[in-house]
Protein chains: 2
Amino acid sequence: MTTHAEIDLSSEQALNAFRNAFQRHSAGVAIITLNNVDGSPVGFTATSLASLSARPPMLTFNTATTASSWPGLRDTDHVAIHMLGVRNHKLATIMAGPAPQRFVGDHWHRGEFNLPVLDDVTAVLVAKIVARNEINQAASIVAEVIDGFQGNDDDGLLYRERRYLAPRPLDGQD
Amino acid sequence: MTTHAEIDLSSEQALNAFRNAFQRHSAGVAIITLNNVDGSPVGFTATSLASLSARPPMLTFNTATTASSWPGLRDTDHVAIHMLGVRNHKLATIMAGPAPQRFVGDHWHRGEFNLPVLDDVTAVLVAKIVARNEINQAASIVAEVIDGFQGNDDDGLLYRERRYLAPRPLDGQD
């Protein structure tokens, strides 16, 4: 533990603390898809998806404004949010890989609002972006859910420290 | 899959889609602590913690503005963010329980900025709130990390559909 006398840390020290802590934070894995202004599909694997409120149903996710999906997030209104099961591990890898390859193949179709919808995930939400909170070279997006449907259920796909994981029951619970 | 002709859904249908989807989304578990304006400790278990950017190191988390911690989040500057391991399951339960009981006991101490810091977690970050994005009765908080330290490592504590979980390796991953 540092003391008040030591808190004038350099930015590198804060960055290291940040990285070390998030290496110990696990996250569920989602995929966000949308269209660029020209109608071409874009999307990305996200570990930042979070519920914001139930009434109205709103969620948040974060992105870098240098990312390939940012122009679409900035200039269009609708997104599809996909919840992933462990069976979707390869899909998560594809959608975290090189942007030009993410929609090459038959793993998706066009859905509501012409959004690119990925096949065989555990749930899909269709949402309208209601706020783009930009700060430096990042943005936290707020979206309101307007529709959704479920696929087959599965254990939820997890991510920690550059590895995908699966869940197991917690010993001693209940 | 619904069609364009069916998207005029009632708010109840959107709410059900939202709930059903988030029941299939797993999350890592964190605890956010801070002080009320009067200096009394407040805090809560959060499944919304997410990285926003590395340079500068920033993160986000969400809260209801009806929550016991909101007055402190609105009116003070600093928060402590705790990453939890599976050994911290009971701590997560305490900090998600009745607000008056959350700091009764010897499971915490005073740290930087007089923040309430919980003992024996896997990592702690000290952060300064830089934005409070309020919408309806919720708020998405943006905070910049200024310090942090690590405890003993552990499997990350997970949460899905009102149950805590632990991770296991994904079958077939390289």
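What share of the chain is helix and what share is strand over residues 22-166 of chain A?

**Figure 1. The annotated region of chain A in a predicted model.** Residues 22-166 of chain A are 10% helix and 48% strand, with the end C-alpha atoms 18 Å apart. Helices (H or I, at least four residues) and strands (E, at least two) are DSSP runs, numbered from the N terminus. In an unreviewed UniProt entry, these residues carry the annotation "domain: Flavin reductase like". UniProt positions are given in the numbering used here, feature names are shortened, and annotations may be inferred rather than shown by experiment. Residues are numbered from 1 along each chain as its sequence is written, and chains are lettered from A and ligands numbered from 1 in the order in which they are written. Because this is a predicted model, local features need pLDDT of at least 70 and side-chain atom pairs count only at pLDDT 80 or more, while totals for chains, interfaces and linings use all residues; side-chain values use heavy atoms, with hydrogens and water left out.

**Figure 2. Strand β9 of chain A and its pairing with β6 and β10.** Two strands pair if DSSP finds at least two bridges between them. Strand β6 (residues 78-83) of chain A is antiparallel to strand β9 (residues 123-135) of chain A, over six bridges. One bridge joins A:I81 to A:L125 in β9(A). Twelve bridges connect β9(A) with strand β10 (residues 138-150) of chain A, again in the antiparallel sense; A:N133 has A:S140 in β10(A) as its bridge partner. β9(A) and β10(A) form a hairpin with two residues between them, and A:N136 in the turn has a positive phi of about 55 degrees. In a regular strand the side chains alternate between the two faces of the sheet.

Figure 3. B:S53 counts as buried because its relative accessibility is 14% (buried means under 20% relative accessible area, exposed over 50%, partly exposed in between, with a 1.4 Å probe and protein chains only). The side chain of B:S53 reaches the backbone oxygen of B:P56 at 2.6 Å. Leaving aside residues up to four places away in sequence, B:S53 touches A:F18, A:A138 and B:M58, contact meaning heavy atoms within 4.5 Å.

**Figure 4. Two salt bridges inside chain A.** A salt bridge is a side-chain nitrogen of Lys or Arg within 4 Å of a carboxyl oxygen of Asp or Glu, and the structure holds 14 of them over all chains. The closest N and O atoms of A:R74 and A:D75 are 3.1 Å apart. A:R74 is partly exposed at 41%, and A:D75 is partly exposed at 44%. In the salt bridge of A:R87 with A:D120, the closest N and O atoms are 3.2 Å apart. That pair links distant parts of the chain, 33 residues apart: A:R87 lies in the loop between β6 and α3 (89-95), and A:D120 in the loop between β8 (116-118) and β9.

Figure 5. A:D153 is partly exposed at 44% relative accessibility, whereas B:R160 is buried at 11%. Salt bridges that share partners also join A:R24, A:R160 and B:D153 into one network.

How values were computed:
Polar contact = N/O pair within 3.5 Å; in protein donor to acceptor, adjacent residues only side chain to side chain.
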